[in-house]
Amino acid sequence: MQTRITVATTGPGLYEITDEAMAFVREAGVETGLLTLFVRHTSCSLLIQENADPDVRRDLDAFFRRLAPRSDDPSMRWVVHTTEGPDDMPAHIRAMLTGVSLSIPVLDGAMRLGTWQGIYVAEHRNRPHRREIALHFLGSIG
Amino acid sequence: MQTRITVATTGPGLYEITDEAMAFVREAGVETGLLTLFVRHTSCSLLIQENADPDVRRDLDAFFRRLAPRSDDPSMRWVVHTTEGPDDMPAHIRAMLTGVSLSIPVLDGAMRLGTWQGIYVAEHRNRPHRREIALHFLGSIG
Amino acid sequence: MQTRITVATTGPGLYEITDEAMAFVREAGVETGLLTLFVRHTSCSLLIQENADPDVRRDLDAFFRRLAPRSDDPSMRWVVHTTEGPDDMPAHIRAMLTGVSLSIPVLDGAMRLGTWQGIYVAEHRNRPHRREIALHFLGSIG
């Protein structure tokens, strides 16, 4: 049981897709099994983080801007891959550190997320992008 | 086939759960398939690392304390989310970098871990917590 | 449906295994399901990154050399685990940040990788190693 969703991003930050994942689980009538999310790009990523205080997402993004700044920042003078713009190589670095797939157990028709967990596409590039995420369920269908 | 385990943590560090995962595989009588572990929190994480020398785990923890120190550290003055204490935002950062799910193939009733691989809950907060991990097996049962 | 592949590495860098994974999917005759890759070591890791410009892989490797240098670097004087050489503890750190497993949906006999996505073993140690990766498919077989 597979589908895909597309997220329009408008610059670096976390874009929540928890509702879209829930809708897939509900509409597919899945009962118990494993939901996999997979993002088909190399300069954005997927992660599960706190969905309560928006400051958490802002700080996570600020952390990445410090850990891997734009390649025109003096601290990044070692970067070779600059042809796609100064935001491209740090985007690959940030994506490498967070990853492209998530595995979430489903029980009795519901993802087993914790109370404060939300699912996010982490966009690392500056310009608007359309990001494609494959959703895949394996298990029993009611 | 699902269960959950709870781990009582008492401050930052790696807490091994390899035995608990093995017990689930054995007691469920699973044969061949995929074991998924999923931690239902946003300030701790799951990882697989060396189970031989305890110094490795100590150094991994020390690395995180340097990469993302407490938010009352001068280098972290940019942090906005401080309401839950100076150890909260670095905990979210560290959890984001290590992730909340693990996928481990199972063959002939045994997880295909390497010789030196152990499964750990990485606790990133200071106070004691009870951490809940969902274990999920998909495959054939003997 | 499981197999394993072995990759001979000759020092730090990204070693592509996309073709090997494709061969497994093709030869096993799988149709739709989930492919899991799992590396059975603690000083190398698995990741999906850009397969077009080799400079991206070179820069990713350079980033890791700066984030977690050899333990004989002055900035790493805090490292305790040095018995296996100055490249060992940074290898564990880099492996922790990238992870040991990947989950890739398969549809109509093909992995749903994006256009620019390649699958890589990230080697973090200096000496040559033989790295073992478990490949596991769960789903329907044509």
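Contact means heavy atoms within 4.5 Å of each other. By that rule, 30 residues of chain C and 33 residues of chain B take part in the contact between these two chains. The structure is a predicted model, in which local features need pLDDT of at least 70 and side-chain atom pairs count only at pLDDT 80 or more, while totals for chains, interfaces and linings use all residues. Residues are numbered from 1 along each chain as its sequence is written, chains are lettered from A and ligands numbered from 1 in the order in which they are written, and side-chain values use heavy atoms, with hydrogens and water left out.

**How the copies are related**

- Two copies of a chain are related by a rotation about an axis and a shift along it.

**The interface of chain C with chain B**

- The size of an interface is often given as the accessible area lost when the parts come together.
- Chain C and chain B bury about 2600 Å², of which carbon and sulfur atoms give 65%; buried area is the accessible area (1.4 Å probe) that two parts lose on being put together, summed over both.
- On the side of chain C, the residues that lose the most area to chain B are C:Phe38, C:Trp78 and C:Met96, together 26% of what that side buries.
- There are zero salt bridges between chain C and chain B, a salt bridge being a side-chain nitrogen of Lys or Arg within 4 Å of a carboxyl oxygen of Asp or Glu.
- The two chains have 15 residue pairs in polar contact, both residues at pLDDT 80 or more. A polar contact is a pair of N or O atoms within 3.5 Å; within protein, one must be able to donate a hydrogen and the other to accept it, and residues adjacent in sequence count only if both atoms are side-chain atoms.
- Two or more residues of the side of chain C that touches chain B come from each of β1 (2-10), β3, α3, β5 and β8 of chain C. Helices (H or I, at least four residues) and strands (E, at least two) are DSSP runs, numbered from the N terminus.
- α3(C) gives the most to this side, with six residues.

**The interface of chain C with chain A**

- This contact takes 33 residues from chain C and 30 residues from chain A.
- The buried area is about 2600 Å², 65% of it on carbon and sulfur atoms. In chain C, the most area is lost to chain A by C:Asp59, C:Phe63 and C:Arg112, together 25% of what that side buries.
- Chain C and chain A have zero salt bridges between them, and 15 residue pairs are in polar contact (both at pLDDT 80 or more).
- On the side of chain C that touches chain A, at least two residues come from each of β3 (30-39), β4 (44-50), α2 (54-67), α3 (88-98), β5 (101-107) and β8 (128-141) of chain C. The largest share, 10 residues, comes from α2(C).

**Two residues of chain A**

- A:Trp78 stands in the loop between α2 (54-67) and α3 (88-98) of chain A.
- A:Trp78 is buried, with a relative accessible area of 16%; buried means under 20%, exposed over 50%, and partly exposed in between (1.4 Å probe, protein chains only).
- Leaving aside neighbours within four places in sequence, A:Trp78 is in contact with A:Ile93, C:Asp59, C:Ala62, C:Phe63 and C:Arg66.
- A polar atom of the side chain of A:Trp78 lies 3.2 Å from the backbone oxygen of A:Ser75.
- A:Thr98 is found in helix α3 of chain A and is buried, with a relative accessible area of 14%.
- The side chains of A:Thr98 and A:Ser45 make a polar contact (2.6 Å).
- Not counting residues up to four places away in sequence, A:Thr98 touches residues including A:Phe64, A:His124 and B:Met96.
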